[in-house]
Each structure stands twice: as C-alpha cells, then as structure tokens.
Amino acid sequence: MMPPTITLPEASMPEESRTITTELAIIGTGIAGFAAAVFALERKLTMAMAGSTGALAYTTGYLDLLGKLQGTAHAVDDPWQALEELRRSEPEHPLSRIAPAAIERAFTLFTDFLGREGLAYTPVGRNNLQIMTPVGTVKPTLSVPATMAAGPALMASGSPCVIVDFHGLKGFSGRQAVANLSQRWPQLETARLAFPGSRGGELYPEIAARSLQVPEIRQQLAEMLRQAAGTAPAVGLPALLGMHRPDLVLEDLQRLSGLTLFEVPTMPPAVPGIRLRELFARALPQHGVAIVPQQKVQHLRLDENGAHLTLGDNYGTIAIHAKAVILATGRFLSGGLEARRDTIREPLLDLPVAQPSGRSQWYEERYTDPRGHAIHRAGIVVDQAFRPLGGDGHPFHPRLFAAGIILAHQDWIRSRSGAGIAIASAYRAVDEAARLLGR
Amino acid sequence: MQPVTPRANGSGQEAVFETEVLIIGGGVTGVGIMRDLALRGIHAILIDKRDLCAGASGGNHGLLHSGARYVSNDLDSARECRREGALLKRLAGHCIEDCGGLFVAVEGDDEAFATNFPALCAQADILCEPLAPALARELEPHLSERLVQAYRVPDATVDPFRLALENVAHASALMGSLYFPHTEVVSFARQGDRIATVFCHDRRNDRPLAIRALQVVNAGGAWAMNIARLAGCDDVRLLYSKGTLLVTHDRLASHVVNRLRRPGDGDILVPGGTVSILGTTSLRTDDLESTRPTVEEVEVNIREGSAMLPMLAEARYIRAFSRVRPLLQPAGRGGDRDAARGFALIDHEEQGLSNFCTITGGKLTTFRLMAEKASDLVAKRLGNTTSCRTALEPLPHGSACRWTEPGASPRYWFKESKPGDMILCECEMVPQSAIDEIVDAAPGKEEQMGLEAIALRSRAGKGPCQGSFCGIRICSYLYDRGYYRDPSGLHHMRRFFDERFKGQRAVVWGGQAAQMELAEALHCGLLGLDTLDMEDR
Ligand SMILES: Cc1cc2nc3c(=O)[nH]c(=O)nc-3n(C[C@H](O)[C@H](O)[C@H](O)COP(=O)(O)OP(=O)(O)OC[C@H]3O[C@@H](n4cnc5c(N)ncnc54)[C@H](O)[C@@H]3O)c2cc1C
Ligand SMILES: Cc1cc2nc3c(=O)[nH]c(=O)nc-3n(C[C@H](O)[C@H](O)[C@H](O)COP(=O)(O)OP(=O)(O)OC[C@H]3O[C@@H](n4cnc5c(N)ncnc54)[C@H](O)[C@@H]3O)c2cc1C
C-alpha cells in the first residue's frame with residue numbers, strides 16, 4: 001500500500017500551505033469516519049481524514065446495533081430478527097438498506113481492528129447483551145469492551161456482586177445503581193472507597209484511569225476491592241481501569257484481588273470515549289492514514305477529477321485532493337447539520353436535507369415521548385450506493401458518499417442504533433467508493 | 001387572640017387541619033398575605049395545587065416597575081408601582097437588583113408619544129431623566145443605531161422565587177404558619193354564611209385532606225374565578241391573556257430596556273442575573289392548564305425586540321415560558337394591555353358569605369399592597385386590631401432561601417469552602433451543600449422532594465444546559481444521601497427533564513439544538529428514560 005503523499009512545511013515556517021493527495025478523503029472523525037478508515041485500510045486505499053472529537057467523546061464504549069423498534073414496548077433481544085422487521089416497517093431506514101451479512105461483517109471487522117489495537121470487544125453475537133447503565137437502568141447493545149463483559153452474565157445469573165464507587169466521583173452512585181437494579185438483582189450491594197492516593201475533593205475519571213497504569217496503585221486498589229467485596233466473588237466499578245490496554249489493567253486487578261471485575265460506564269464524556277479516540281489517533285497514522293486532527297473542513301469542492309477539501313490550522317491552510325470523499329459529519333452536536341430558526345441545513349455543500357415542514361414540527365410536546373421527535377429523522381437522503389441525492393433526485397456527485405447518523409429516516413436515539421448505523425453505513429460507503437476507485 | 005394550633009386528626013382516612021386563616025394560592029399574593037397575617041399574630045395555612053410561584057408569580061418578567069410603563073394608560077397603577085417599588089427596594093433589597101431602566105424610541109415610533117412621556121411621568125411623580133441617544137448607546141451598546149429618544153427611570157428587577165420563599169419562611173418563624181405544596185382545593189362545605197370546611201386533594205400522595213379555618217382567602221391569581229365558583233360565588237369575573245417570554249443565554253443589557261411606545265408585543269428586555277428576558281406577547285386564551293410557548297410567539301418577540309436591540313435576532317435563547325394574566329372584568333375600552341392592571345378585593349358578602357374573600361389581578365410589584373388590603377379585611381373579620389407592618393418591617397434573609405439568587409451560589413460556596421462540597425450544577429455553580437440545605441430546611445420541603453421542587457428553590461437547571469447534566473448529578477447525589485431509595489428517583493428525574501423541555505421546545509435551534517441532541521442522547525439513548533415505565537413492569 002502506498003502512503004499518501006504529504007508535503008509539510010518546515011515547522012518554523014508558518015502560513016505555508018500544505019497539500020495532501022490521496023485516494024479517499026473522510027470528513028468526520030466520529031464512529032462513522034473511523035469505521036470508514038478501518039474498512040478503507042482493509043481495501044488498501046490511501047486516505048486522509050479530518051474532524052474534531054464529535055459525539056465519540058460521549059460514547060460509553062457500547063456498540064449498539066438495534067435495541068428498540070419503533071412502537072414496541074420491549075427492548076430488542078435478537079437484533080438480526082429485529083432488522084427484518086425494520087426492513088418491513090421502515091424500508092427507508094439506513095439499516096434496512098444494508099444486507100445483514102454486510103452489517104455483521106462490518107461489526108466484526110471493526111471490533112477485530114479495535115482488538116488488534118489493544119481494545120478488545122466481546123464477539124458480535126446473535127443476541128443483544130442486556131447491560132447496566134450508570135444509573136442502574138438496563139440497555140440492550142450488541143458488543144461491549146471486554147472490560148465490561150462480565151456484567152451482563154452476572155446480572156443474568158443474579159450472582160452476589162458489589163458495585164464499588166469512589167468518593168468525589170460525581171454522577172456515579174453505587175447506591176443509585178443498586179436501588180434501581182435490586183428488583184432484578186437482589187444480591188447486588190454497594191460500597192464506597194477512597195481512590196488510592198486521592199486527597200479528597202473531586203475525582204476525575206481520566207486522571208484516575210491514567211494513574212492505574214502504575215502497578216503500585218493497582219496493588220492498593222486490588223486490596224481495597226478485596227475488602228469491599230466481602231464474600232461476593234465479583235465487583236463492578238466505574239470505567240476508569242486504565243487508559244491504554246484496559247484489558248491488561250483489569251486482568252492484573254483480577255489476579256491481585258482474586259475477584260471477577262467489570263467496568264460500568266460513568267456519565268459521558270468519560271474514559272471509554274477517550275480510549276477510542278486515543279486508539280484511533282495513534283493506530284491510524286501508524287497504518288499510513290493522514291489525520292488532520294481537531295480541524296474542520298471549511299470548503300469542499302467537487303469536480304470530475306475528485307474532491308478538493310480546504311482546512312486551516314494555526315500554521316495556515318491545508319488542501320486535500322482525493323478521488324472520492326465520504327461525508328460522515330454527524331448531526332447537530334458535531335456540526336454535520338445546522339438547525340436554523342426556519343430550516344435545517346447541511347453546511348458544507350448545502351445538500352438537500354429531508355426535514356419536517358417547520359420548526360413547530362420538530363419536536364413532540366413531551367420530551368421523553370417514546371415515539372421520538374421528527375427532528376431526529378431529518379438528514380441526508382442517499383441512493384442505493386450511499387451517494388447523497390441532489391435537489392433533482394439524482395446523486396449530487398458521483399464521487400461523494402455519506403455515512404453515519406447524518407443520514408435521514410432514522411432516529412438512532414430512540415432505536416438505540418448509533419454505532420450500528422455509523423459502522424454499517426460506513427462499510428457500504430467504503431464499498432461503493434472502492435468500486436468507483438476500481439478496487 | 002390565641003392562634004388555633006393546627007392538628008392533624010388521625011382518626012379515619014382524611015387528615016384534618018385547623019387554622020385561623022386558609023390561604024389558597026402560593027403566588028406572591030398568597031405568600032404576602034401569609035407573612036402580613038403572621039406579623040399581626042395570625043396563624044395561617046397556605047396551600048398551592050402545585051408549588052410556590054407555579055402561576056404568574058413564577059413566569060413573569062421580574063420587572064419591579066417604576067410605574068413609567070403605565071403612565072400613558074393608567075396613572076393610578078403608575079403611582080402605586082412607584083410607591084411600592086420604592087418601598088420594596090428599602091425593605092427587601094436582597095430580592096432586588098436596582099439596575100435602573102431605559103425607555104427608548106427608534107425611528108418610526110410615535111414621536112408625539114415619546115415627547116409627551118416625561119410630562120406623564122411627572123404627573124405620577126416618577127423620576128424621568130432624558131438621555132442623548134448616543135449616551136444611551138454608551139450605557140447599552142446593543143441598542144439600535146436607529147435610536148431617536150431615550151429616558152432613564154428607576155425600574156429594577158425582583159426575584160419572585162426568593163421573595164416567596166422569604167415570605168413563607170418568615171411567617172413560619174413568626175407564627176408556625178404552614179405551607180402545603182401540591183394541595184388543591186376541590187370543594188367547599190358551606191354552613192349558613194360561613195365556609196366551614198375546605199376539602200383538598202394532596203395530588204402528590206393522592207390523599208384527601210380537609211382544612212377548617214375561620215377565614216378563607218382566595219389568592220388564586222388567574223384561577224381565582226374557578227376557585228370562587230367552587231365556593232358558589234359568581235362575582236369574580238376574569239378573562240385570560242397569555243403572555244410568552246424568552247430567556248437569552250447571556251445578559252444582553254445591564255438596564256431594563258423598555259420600548260417607548262404604547263405597550264405592545266416584545267417591547268421589554270429585563271436582565272435576570274446572568275441572562276436577559278424578552279417579552280411579552282398577549283393572546284386571549286381559555287386554557288389555564290396547558291399554556292406553553294409556541295414557535296409563533298417566540299418569533300413575534302424576537303421580531304419586535306430586535307427593533308430596539310438588533311442583536312436579539314441573532315442571540316442564543318435557552319428557554320421560553322408562558323403564563324396567564326387574569327384580566328378583571330368589565331374591561332376598559334382598549335385592548336388587553338389597557339384592561340385594568342389594578343387588583344380587586346372581593347368580600348363575597350353579596351354572595352352571602354362572611355368568611356371568604358378573593359384577591360386577584362395586580363402586579364408582582366404591588367403584591368405587598370394587595371396582601372395588605374386582603375389582610376386588613378381578614379384581620380377585621382377576626383377582630384384583630386393590629387395594623388399592617390409590612391410597610392415598616394424589613395424582609396429577613398433566610399439561609400435556606402438564598403440559593404435562588406443568580407450568581408450568588410459561587411460566592412457562598414467560596415466563602416464556606418467546605419472540603420468535599422462538590423459543584424453539582426456547573427452552569428450555575430450549585431454545590432451539594434445547597435441541595436442539602438434545601439431538602440433539609442427550605443420552605444415547602446417535604447419527604448422525597450422532586451427535582452423540580454429543588455430547582456425552584458435554587459438556580460439548578462437555569463443555565464445553558466437547562467438541567468440536562470445537573471439533573472443527573474443531583475439525582476445521583478440524592479440517591480447517595482439515601483434520600484431517594486428506589487426507582488422513584490429516576491421518575492423524578494424524568495419529570496424534571498419533561499418539565500424543563502416545555503420551556504425549551506420552542507427555542508431549539510443553533511447551539512441549543514446541539515445541546516438538546518446531546519441531552520436526549522444521554523437521557524433516552526443511554527439511560528433509557530423514554531422507556532422507564534416499560535422497564536418497571
Ligand atoms: C451522549 C451520547 C451517548 C452515546 N452512547 C452510545 C452508545 O452507548 N452506544 C452507541 O452505539 N452509540 C452511542 N452514541 C452514538 C455514537 O457515539 C455516535 O453518535 C454515532 O455512532 C454516530 O457517529 P457519526 O460518526 O455518524 O457522527 P459523530 O460521532 O457525530 O461524528 C461526526 C464527526 O464529523 C466531524 N465534522 C463535522 N463537521 C465537519 C467538518 N466540516 N469538517 C470535518 N469534520 C467535521 C465532527 O467533528 C465529528 O468528528 C452516543 C452518543 C452520545 C452523544
Ligand atoms: C407574562 C406575564 C408577565 C408579567 N410581568 C410582570 C412584571 O414584569 N412585573 C410585575 O410587577 N408583574 C408582572 N406580571 C404580573 C404578576 O406576575 C402577577 O400579578 C402576580 O404574579 C400574581 O400573583 P398571584 O399570587 O396573585 O397569582 P399567581 O402567581 O398566579 O398564583 C396563583 C396560585 O394559585 C394556585 N392555584 C390555582 N388553583 C388552585 C386551587 N384550586 N387550589 C390551590 N391552589 C391553586 C396556582 O397554582 C398558583 O400558584 C406578569 C404577568 C404575566 C402573566
């Protein structure tokens with residue numbers, strides 16, 4: 001594989017323009033953008049990508065495929081079967097337009113990549129995992145970091161277990177988790193510990209996680225956990241077991257304490273999101289991907305030769321020339337869509353946005369309405385090849401593809417399918433881009 | 001005279017309370033009466049079907065009128081506001097920000113009206129100082145370049161929540177008077193010319209409750225007509241006008257800014273601590289229960305307001321809210337804003353009752369005077385000859401009442417700097433200790449307060465995130481304290497978010513759309529609050 005050619009100026013020469021020429025440009029560094037990069041690597045495409053943190057910082061690390069079907073009361077147990085129902089009830093849904101085998105392959109490739117790079121995930125199975133949230137509710141999801149894997153099985157079997165929390169860690173209360181789970185898990189208890197070496201005051205998960213890379217701190221924590229567990233064989237604790245290779249940190253703590261341990265996500269933005277971000281920021285460049293970090297694409301021009309992106313940082317402008325481009329810029333939180341007072345827009349290309357007729361239609365009256373809100377279903381409409389449609393109903397440009405939650409006709413929040421839409425549509429978009437590029 | 005000791009009668013299902021005076025309605029008028037009576041040595045029970053300031057008192061502009069707003073259509077009201085405003089600044093300074101006000105006219109506004117304004121102010125004895133437009137724009141840089149006239153008047157702002165909490169706390173301290181939230185009057189039992197018993201419903205615990213009082217005061221604001229009818233009185237006649245206000249993300253002006261024209265839509269911008277409040281609209285309505293701001297009302301306010309301050313068209317808004325004004329009938333000839341802004345005290349003697357009265361209408365600014373008039377009548381009927389003291393006695397500072405003041409939390413927090421006292425609401429810097437003090441000691445505290453009740457007694461949830469983060473943190477802190485012990489805590493949390501959303505729905509665009517999406521991803525996508533009931537099965 002040929003690395004993309006990059007001309008960078010001398011560090012001491014600001015205001016110089018830099019140019020990157022490559023096969024594929026990916027706009028957006030959320031799950032969709034990163035997943036696209038993983039799939040494009042597999043296709044041996046050269047690529048460059050840009051974006052700031054986006055919603056990735058907020059993920060729990062859980063990778064949802066499909067956890068709820070519109071209009072049903074139950075959490076989805078078998079997401080593959082639910083996909084069939086979705087195909088009937090919501091044929092325009094992005095997940096209805098991708099073959100289940102492709103979805104499964106996409107998840108597997110993605111989680112394998114994460115595993116190879118040091119963040120092991122549970123295998124993609126037939127059924128959803130029913131896993132606890134920081135407040136003690138239960139959420140259906142498809143695949144979780146290995147450090148969180150023991151939780152669902154323990155809950156299902158009802159084994160004795162202690163949820164540990166820490167003095168000074170805001171928004172994570174073991175008592176809250178237990179109060180809300182005690183119906184299903186009567187043998188669940190809680191204990192509060194002072195984090196090793198903490199001197200009172202607020203405990204920041206990121207700092208605590210980094211400190212657990214140090215063996216002595218692990219030693220101290222293991223001893224505390226052993227005492228807190230009493231006769232229980234298992235302990236759940238907030239997700240702060242190391243920043244790099246958390247599986248090794250967990251393994252060491254289990255060895256030292258003799259307990260089965262699992263992580264429970266804390267309120268985002270939190271450690272699991274940082275782990276993912278750091279993993280991609282480190283691993284992708286090692287594989288030859290040019291990442292322009294923390295920068296937004298300011299202009300995107302398309303012509304018969306390809307896509308021309310303009311970005312800028314403190315040192316001046318950066319130009320990216322690519323033969324194909326994937327737009328994975330997310331929604332309002334990430335800036336992929338913009339809600340104006342009177343309309344919803346896509347800011348980079350002013351692509352048509354499927355949307356309700358006016359602002360008074362965006363939201364239902366009740367915030368937590370289980371049906372969701374029309375605003376979430378707004379977005380970019382694509383053809384079968386995941387190319388955004390222009391105003392005339394034809395592809396906006398043959399070299400432009402879109403992926404992720406920017407796509408229309410889905411409500412990832414209510415259907416618990418954020419990562420699923422991102423990963424599966426990225427897979428399809430890369431597939432089509434590779435075909436265009438002759439791969 | 002000896003106060004009757006309230007007692008709950010344990011026999012049977014229904015709790016029975018006794019008191020000298022039952023006050024219906026926990027708005028500023030009701031709480032004002034509660035304190036006024038306590039200062040005369042009279043015990044009272046105050047009830048509200050929701051909570052303090054659930055009605056107009058918690059959904060107004062917070063403008064302590066100098067009176068200038070009314071000089072063109074109601075000189076009596078203008079004079080009343082001038083007197084009461086001055087009094088409150090002296091006696092309840094801790095609830096007031098004496099920021100001053102401007103009246104400004106822009107090109108196209110009625111010049112004769114503007115020119116006549118100082119003379120009208122003079123008639124009501126309201127200080128009115130002409131300002132060169134350039135100077136006005138120096139004072140308030142966001143004012144329009146098309147400014148043609150400007151005057152300065154002694155407008156101020158008042159925090160109705162603090163005011164209400166302090167009044168209740170003082171009455172409780174003086175006389176052991178009681179306040180019952182979520183207690184709704186459902187019927188009255190009449191005996192001859194008296195109301196013998198008032199039957200209520202405790203909506204939160206779904207329990208009946210009866211109150212026997214020597215005198216009953218209906219301070220139900222816009223609901224006063226409905227309440228009077230329950231007592232068989234048809235002599236309270238009200239029409240309703242809905243007003244909608246918008247809250248900006250930042251404070252855009254240091255003064256109150258009024259449009260110098262006949263009162264109309266979107267013509268006042270009032271500072272409220274760290275934000276500004278723009279309003280109002282005025283729409284006839286029949287609906288008292290589900291008043292919510294609409295997109296159209298939001299747009300009207302922005303369009304009109306931006307004539308005075310053009311940046312209002314670009315500003316970020318964090319919420320909108322609507323409340324209903326009661327319009328006393330018969331109305332004047334003009335529109336609803338010209339309808340009598342004064343208040344009415346009705347003794348219901350023509351309806352054959354000697355221990356019931358209704359007080360409604362008026363303004364936040366004149367609440368003390370309204371309370372005085374109602375309390376005079378009640379005291380006379382009780383044979384109490386102590387005169388009103390609220391025009392002399394300063395309003396105390398209650399420690400558990402202090403958390404509603406914008407920007408004050410961080411001050412208390414730094415001053416007290418208890419180690420481990422963590423900030424739970426980061427927008428408004430509300431610490432754990434504030435939550436502790438509120439659930440332990442605030443007026444109206446009770447077992448298992450909801451997050452809304454806590455937010456009403458603090459600044460929690462009033463900042464840009466509108467409670468979406470601190471709601472989660474406060475909830476988990478309350479579980480931590482052992483205050484919430486079962487899934488009901490999550491239901492409190494959901495109710496709080498649903499409630500806050502009513503005020504956000506019409507202003508979600510731009511930065512707020514991103515904020516809202518993040519909140520919903522957390523609350524529904526992750527925590528599953530949208531399927532809470534299904535989980536509980
Ligand atoms: C609070 C929260 C909790 C979540 N929890 C879960 C969970 O438990 N399970 C789950 O499966 N999913 C979860 N998600 C959803 C998930 O994180 C992603 O939102 C989803 O997978 C969609 O990703 P995306 O890549 O399409 O969009 P995003 O993640 O929004 O990424 C869009 C990217 O585009 C970039 N961008 C935008 N404009 C430009 C531009 N002009 N130039 C360059 N870059 C640009 C942004 O910087 C960002 O990097 C959660 C999300 C949130 C917010
Ligand atoms: C949009 C708007 C803006 C305003 N701006 C200003 C301003 O800037 N300055 C100013 O001075 N004035 C202003 N006002 C006027 C001011 O808000 C009101 O005059 C004042 O708050 C009225 O207080 P109240 O206690 O009489 O009524 P409310 O505050 O309405 O109180 C009535 C209470 O009765 C309760 N209740 C109703 N039915 C029952 C029942 N059956 N049983 C028990 N309780 C019941 C309700 O829950 C409510 O809390 C404004 C009004 C509105 C609507």
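Tutor: Two strands count as paired if DSSP finds at least two bridges between them; strands (E, at least two residues) and helices (H or I, at least four) are DSSP runs numbered from the N terminus. This is a predicted model, in which local features need pLDDT of at least 70 and side-chain atom pairs count only at pLDDT 80 or more, while totals for chains, interfaces and linings use all residues. Residues are numbered from 1 along each chain as its sequence is written, chains are lettered from A and ligands numbered from 1 in the order written, and side-chain values use heavy atoms, without hydrogens or water.

The part to examine is the site of ligand 2. Its shell has 34 residues, of which T29(B), D48(B), S57(B), L63(B) and T365(B) come nearest; a residue is near if one of its heavy atoms lies within 4 Å. By class, the shell holds 11 nonpolar, 17 polar and 6 charged residues (Ala, Val, Leu, Ile, Met, Phe, Trp, Tyr, Cys and Pro are nonpolar, Asp, Glu, Lys and Arg charged, the others, Gly among them, polar).

Polar side-chain atoms of S57(B) and T365(B) each face an oxygen atom of ligand 2, at 2.5 Å for S57(B) and 2.7 Å for T365(B). L63(B) instead uses a backbone N or O atom, 2.8 Å from a nitrogen atom of ligand 2. Taken alone, ligand 2 exposes 1,000 Å², and the protein buries 95% of that (Shrake-Rupley, 1.4 Å probe).

The open sheet has 3 strands in the order β3-β8-β4 of chain B, with antiparallel pairing. β3 (63-64) and β4 (96-97) stand at its edges with a single partner each, so one side of each lacks a neighbour in the sheet.

At the level of domains, whose bounds come from an automatic or database assignment, ligand 2 lies between domain 1 (15-55 + 161-237 + 342-382) and domain 2 (82-158 + 239-326) of chain B, because both give residues to the shell. Chain B also has domain 3 (399-536), and the C-alpha centres of domains 2 and 3 of chain B lie 29 Å apart.

Definitions and conventions. Polar contact = N/O pair within 3.5 Å; in protein donor to acceptor, adjacent residues only side chain to side chain.
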